[in-house]
Amino acid sequence: MDNIQNFLPFILMFVVLYFFMIRPQQKRAKTEKAFESGLKVGDKIITKSGIHAKIAEMAETTIVIETMSGKLKIERSAISMELSSKLNTAVKK
């Protein structure tokens, strides 16, 4: 019984760490993965660096985007989920 009381603060610390740091990060990664898999040619997006573009071509890990100045090849992970969703809701209104 005394051993359990010694480890109780560590167990509680791990539980708090899990619910406030690890679990939200896993949930965010899952939603980003779903967002990336839902992209299709013709979608308007914003990259994490702030470039507004439209998806022209898609490959396994890269995407070719069309900007006002030409075409760029970028990684799928370079697309901002938050900014692109705001752009799409603003366009639909």
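Start by selecting Thr67, which counts as buried because its relative accessibility is 16% (buried means under 20% relative accessible area, exposed over 50% and partly exposed in between, with a 1.4 Å probe and protein chains only). You are looking at a predicted model, where local features need pLDDT of at least 70 and side-chain atom pairs count only at pLDDT 80 or more, while totals for chains, interfaces and linings use all residues. Residues are numbered from 1 along each chain as its sequence is written, and side-chain values use heavy atoms, with hydrogens and water left out.

Now colour strand β3, residues 62-67, and you will find Thr67 in it (strands are DSSP runs of E, at least two residues, and helices are runs of H or I, at least four, numbered from the N terminus). Next, show the residues around Thr67: leaving aside neighbours within four places in sequence, Thr67 is in contact with Ile51, His52, Ala53 and Leu72 (contact means heavy atoms within 4.5 Å).

Keep Ala53 on screen and select Asp43, whose contacts beyond four places in sequence are Gly38, Ala53, Lys54 and Ile55. Asp43 is found in the loop between α1 (2-37) and β1 (44-46).

The side chain of Asp43 reaches the backbone nitrogen of Lys40 at 3.1 Å. The two side chains, Lys40 and Asp43, also meet in a salt bridge, at 3.3 Å from N to O (a side-chain nitrogen of Lys or Arg within 4 Å of a carboxyl oxygen of Asp or Glu). Side chains of opposite charge can pair when their charged atoms come close. A search of the whole structure finds one salt bridge.

Terms used:
A polar contact is a pair of N or O atoms within 3.5 Å; within protein, one must be able to donate a hydrogen and the other to accept it, and residues adjacent in sequence count only if both atoms are side-chain atoms.
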